[in-house]
Amino acid sequence: RDSKLFIKDLRFDEVPVRIYLPRVPSASKRRGVIFFHGGCGIFGSIGSYQRICQYMARKSESVVVAVGYRLSPEHKYPAQTLDCLTAAVHFLKTAENYGVDPDRVIVCGDSAGGAFTASVCQELVNRRDIPKIRAQVLIYPFLQALNFNLPSYQKNAFTVFLSRERTVRFILKYLNKDCSMTEAILAGSHIPERMTLKYRKWINPDLIPETFKPGYKPPSPALFSPQVHEKTKELLETRLSPLLAEDAVVCCLPDTCIITCEHDVLRDDGLLYKKRLEDNDVNVTWHHLKGGFH
């Protein structure tokens, strides 16, 4: 119960959602926020993010829709992204039923939810049958699974909760893969040299500002493992690694807000995506939390 909000549990095309509607009448249509929670796609829930969603709805006087996507390993990848996409499309089509202006809807998510946000916005770029997403908010997002030796991964390799090794283990668990491949992926053995060269223009420590690279040491080249590559091909899909989307998609993305934290292995994912968006003339607002952590 909330004195300032109506809170309802609904289903958007079979996807569970919890919607937060301000009680005070509005003279005009409200803004809408579609929220995807974090948790590596394997934990977290609508309930565990309720206080955050209530806060957003109250502070912004917006209608917030929290999406309860199915979790892995019970529901195999990419069920999570597909649930997020389904809920987003449903809300964009029916926004006016909830007093929301369909042209003022943003998508927001933290960590894995930030990955789902980026992926959904990319997949909706060419849709002409629904209103355009007004903006996306990426809160310390996970955006690539190619390079786990970027400066932020080195600096925060042993940070509490989301260490470098645990990040890869979570990804493998999310994909229902054998965690014995963790060391090989940390080293970069899952990426053939031709792909490393292809994506260097987007995923490269040289693109990280010098102020974020004190003590950084370029790793030794990894020995490529065809077996690991074959078993983990999903890591190269844009649904899992949105940083790999082509410029033709990136240039059409909505205004973006990116939040990064100093003590976070994923910091550089946000910085690299920021540069890619700016290079493609997308409006970007960036907030960096010095002293912040994942």
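These legends describe close-up views of a predicted model.

**View 1. The spans of the annotated domain.** The UniProt record, an unreviewed entry, places the feature "domain: Alpha/beta hydrolase fold-3" at residues 33-177 and 232-294. Over residues 33-177 the chain is 38% helix and 17% strand. The end C-alpha atoms of residues 33-177 are 33 Å apart. Residues 232-294 are 27% helix and 30% strand, and the end C-alpha atoms of that span lie 25 Å apart.

**View 2. Helix α1 and the strands it packs against.** Helix α1 covers residues 50-60, and its residues Gln-50, Cys-53, Gln-54, Met-56 and Ala-57 are buried. Seen down the axis of α1, the buried residues fall within an arc of 160 degrees, so they line one face of the helix. They pack against β1 (5-12), β2 (15-22), β3 (30-36) and β4. On the other side of α1, Arg-51 and Lys-59 are exposed. Glu-61 follows α1 and has a positive phi, near 50 degrees.

**View 3. The salt bridge between Asp-83 and Arg-70.** The side chains of Asp-83 and Arg-70 form a salt bridge, with N and O 2.9 Å apart. Arg-70, at 37%, is partly exposed.

View 4. Lys-274 and Glu-278 meet through their side chains in a salt bridge of 3.3 Å, N to O. Both residues lie in helix α10 (residues 267-279). They are 4 residues apart, about one turn of the helix. Lys-274 counts as buried because its relative accessibility is 18%, and buried means under 20%. Glu-278, with a relative accessibility of 36%, counts as partly exposed.

**View 5. The salt bridge between Lys-233 and Glu-230.** Side chains of opposite charge can pair when their charged atoms come close. Lys-233 forms a salt bridge with Glu-230, and the closest N and O atoms of the pair are 3.4 Å apart. Lys-233 is partly exposed, with a relative accessible area of 41%. Across the model, the count comes to 16 salt bridges.

Notes:
Residues are numbered from 1 along each chain as its sequence is written. This is a predicted model: local features need pLDDT of at least 70, side-chain atom pairs count only at pLDDT 80 or more; totals for chains, interfaces and linings use all residues. Side-chain values use heavy atoms; hydrogens and water are left out. A salt bridge is a side-chain nitrogen of Lys or Arg within 4 Å of a carboxyl oxygen of Asp or Glu. Buried means under 20% relative accessible area, exposed over 50%, partly exposed in between (1.4 Å probe, protein chains only). Helices (H or I, at least four residues) and strands (E, at least two) are DSSP runs, numbered from the N terminus. UniProt positions are given in the numbering used here, feature names are shortened, and annotations may be inferred rather than shown by experiment. The arc is that of the directions from the helix axis to the C-beta atoms. Contact means heavy atoms within 4.5 Å.
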